[in-house]
Amino acid sequence: MRPNQLLVRCYAKRDGDLWVAFCLDFSLGAQANSLEEAKQKLDEQIREYVYDALAGEDREHAEYLLNRRAPLAYWLRYWGIRAAFKLSRMVTPHSSRQVNSKPFNEVLPMVPAVC
């Protein structure tokens, strides 16, 4: 990660026929029919959220919005999914089994403000 980027922790899980993706650092969520689509929707939501907090109409609430974390239950689920995912990759590294949950990170490029 470069110094001008922000890394936010996320996970996605299958819920019936849908994939639900969560961003723990901003307490955001998105759902879609596929994992990639859910991740893409969450990525767009994160970018808009951060923009609104830093430069948009929610600037006056930026400190709160950028420090709004998901509840503890979501963090525990994230760490459990992350541990299970790493363990399954160690046991069967090239497995083609179906994944029902996956941890991932989103990287936001941070652009310095022009004054």
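Start with Asp 25. In this predicted model, Asp 25 is buried, because its relative accessibility is 4% and the cut-off for buried is under 20%.

**Around Asp 25**

Arg 9 is partly exposed, with a relative accessible area of 30%.

Now select Arg 69. Its side chain also meets Asp 25 in a salt bridge, at 4.0 Å from N to O. Arg 69 sits in the loop between α2 (62-65) and α3, so this pair ties together parts that are 44 residues apart in sequence. At 41% relative accessibility, Arg 69 is partly exposed.

**Helix α1**

Move to Arg 47 and Asp 43. They form a salt bridge whose closest N and O atoms are 3.2 Å apart. Both lie in helix α1, four residues apart, or about one turn of the helix. Arg 47 is partly exposed, at 37% relative accessible area. Asp 43 counts as buried, at 16% relative accessibility. Show Arg 9, Asp 25 and Arg 69 again: shared partners join these three into one salt-bridge network. The whole structure holds three salt bridges.

Stay in helix α1 (residues 35-54) and pick Lys 39. Turn to the ring of Phe 104: Lys 39 lies over its face, 4.8 Å from the ring centre.

**The nonpolar cores**

Select Cys 10, Cys 23, Phe 26, Leu 28, Leu 42 and Ile 46. These have the most contacts inside the largest nonpolar core, which has 20 residues. Elements β1, β2, β3 (28-32), α1 and β4 (101-109) each supply at least two residues of this core. Helix α1 gives the most, with seven residues.

Centre on Phe 26. Leaving aside neighbours within four places in sequence, its contacts include Leu 6, Val 8, Ile 46, Tyr 49, Leu 65 and Leu 108. Another core lies apart from the largest one; it has eight residues, among them Phe 22, Ala 70, Trp 75 and Ile 81.

**The aromatic rings**

Show the aromatic side chains next. There are six aromatic pairs. Take Tyr 11 and Phe 22: they form a tilted pair, 5.0 Å centre to centre, with 40° between the planes. Tyr 11 lies in strand β1 (residues 5-15) and Phe 22 in strand β2 (residues 18-23), so the pair ties together parts that are eleven residues apart in sequence. Tyr 11 and Phe 22 are both buried.

How are the rings of Trp 75 and Tyr 78 arranged? Their centres are 6.2 Å apart and their planes are at 80°, so the pair is edge-to-face. Both are in helix α3 (residues 72-91), three residues apart, about one helical turn. Trp 75 is buried at 14% relative accessible area. Tyr 78 is also buried, at 2% relative accessibility.

Finish at Tyr 74, where the charged end of Arg 77 sits over the ring, 5.2 Å from its centre.

Terms used: Residues are numbered from 1 along each chain as its sequence is written. This is a predicted model: local features need pLDDT of at least 70, side-chain atom pairs count only at pLDDT 80 or more; totals for chains, interfaces and linings use all residues. Side-chain values use heavy atoms; hydrogens and water are left out. Rings of Phe, Tyr and Trp (its six-membered ring) pair if their centres lie within 6.5 Å; planes under 30 degrees apart count as stacked, over 60 as edge-to-face and the rest as tilted. Buried means under 20% relative accessible area, exposed over 50%, partly exposed in between (1.4 Å probe, protein chains only). A charge sits over a ring if NZ of Lys or CZ of Arg is within 6 Å of the ring centre and within 35 degrees of the ring normal. A nonpolar core is a set of buried Ala, Val, Leu, Ile, Met, Phe, Trp, Tyr and Cys residues joined through side-chain atoms within 4.5 Å. Contact means heavy atoms within 4.5 Å.
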